[in-house]
Amino acid sequence: MRPINVLHLRDTHEIGGPGKTILETHRAIDRGRFHLHLGVFLRHGESEDSPFITEARRFGMPVHFIKGGHAYDLRMIGRVIEVVKALQIDIVHAHEVKSDFIAYLAALFHPVPIVTTLHGWIGNSFKQRLFAKMDRRIVRGFDRVIAVSRRIEEELLAAGVPGEKVRMVHNAIVVERYRRTGRGGILSEVIGRPIAGPVIASLGRLSPEKGHADLIDAMDRVIRRGQKASLVLIGDGPERPKLIQQMNALGLQGVVHLPGYIQEPQRLLEEIDLMVLPSHTEGLPNAALEALLMEVPVLATRVGGTPEVIIDGKTGRLVSAHSPSELAAGLLEFLSAPESWKQMAMQGKEMVKATFDFQARTRKVESIYAELMKELA
């Protein structure tokens, strides 16, 4: 009996949390039972050497390009069908709104089981809110819908997705990759010069829903209270120009640093004193898992699946979203008592090791694929 062929669809240039999950699943999955392929959406003329594609090739994952003239070129549906037929794909697995649409429409024209992983919906603009509303309807027609947190599972059920189709599978992390080495100097290398400590960092795409503007505002309040610290925003994205403008307007040029996208941010975690996740919305943040495994305390907003990782007062601290004042209070609390926060991080590390191991997650995904094929046989 041949292995089950799965085509993962992903629309991104950067690796990010969902991309990292796809690649690590390819590495961890039982190759005797499953063969994973990657379909990447590109506009004609776009580079085929993005960080995500380069990393997929390094992992040995077969990459197939789904090209179109623009972001929602309907010809991409035909291209997906061509790949499905040529590779004898048994399951198509989508990972965000765009790949949900394409997978759903492709399956209408060429029946194939479809799965999606829901990391949460983003609503920064009218267009995104409209697409999210449409996606809530479309995912009802998928054969399986994977929620990355209990909160997302609740949202799916509220959106009318039948309960028998929903499976909750937490994001996870390859635990053995995160160990302290005692080496330093990487942070000053990526920034271009040494910076003052304590070092407060945030890791994630520079996009409005990540709440970086709130964090810069909070940092300004902390500095005005006479505290000394540096803030490093690790990542890139459309919000970068606005964040630089905000930083300059507040006179924080020597305090806030934006080194850009870094492919392996865990190398920096040994030099970070506090990880802050000021998001307005989240699925289940990989950055929190990574920080805790590296014994870095976490301050985060109480959104999405974050409270399933950061238990307030035990594995970290939680504050309200959209609240620079609460973020500032959290920063001041950390700066006044860093050792108690370190103890929370150590508790968080043990919790992540016990609950969010990637091998266990992969076995759950394998069971979903196998269950689906048996059901549709």
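Predicted model: local features only at pLDDT ≥ 70, side-chain atom pairs only at ≥ 80, totals over all residues.
## The seven-stranded sheet

Seven strands with parallel pairing make up an open sheet, arranged in the order β3-β2-β1-β4-β5-β6-β7. The edge positions are taken by β3 (63-68) and β7 (166-168); each has a single partner strand, so one side of each is left without a neighbour in the sheet. From one strand to the next, the twist averages 25°.

Within this sheet, β1 (residues 4-10) pairs with β2 (residues 34-43) in the parallel sense, over seven bridges. Asn-5 has His-35 in β2 as its bridge partner. Helix α3 (residues 75-87) packs on the sheet, where it touches β1, β2, β3 and β4 (91-94). The direction of α3 makes about 155° with that of β3.

## The six-stranded sheet

A further open sheet is formed by six strands in parallel pairing, and its order reads β10-β9-β8-β11-β12-β13. Here β10 (256-260) and β13 (317-319) stand at the edges; because each has a single partner strand, one side of each is left without a neighbour in the sheet. Neighbouring strands are turned against each other by 25° on average, direction ignored.

Strand β9 (residues 230-234) runs parallel to β10 and is joined to β10 by three bridges. The bridge partner of Val-232 is His-257, which lies in β10. Helix α8 (residues 212-224) packs on this sheet and touches β8 (199-203), β9 and β11 (274-277). Between the direction of α8 and that of β9 the angle is about 170°.

## The second largest pocket

The second largest pocket has a volume of about 320 Å³. Its lining comprises 21 residues, of which Lys-20, Glu-24, Arg-177, Tyr-178 and Gln-266 are the closest to the pocket centre. The most is given by α1, with five residues.

Sorted by class, the lining of this pocket holds nine nonpolar, eight charged and four polar residues.

Key:
Residues numbered from 1 in each chain as written. Heavy atoms only, no water. 1 Å grid on protein atoms, 1.4 Å probe; cavity = no way out; pocket = protein on both sides within 12 Å on 5 of 7 lines; lining within 4 Å. Points joined across faces, edges and corners; volume = space filled by probe spheres on them. Helix = DSSP H or I, 4+ residues; strand = E, 2+ residues; numbered from the N terminus. Nonpolar A, V, L, I, M, F, W, Y, C, P; charged D, E, K, R; others polar. Pairing = 2+ DSSP bridges. Axes fitted to C-alpha atoms, helices over the stretch in contact; angles between N-to-C directions. Contact = heavy atoms within 4.5 Å.
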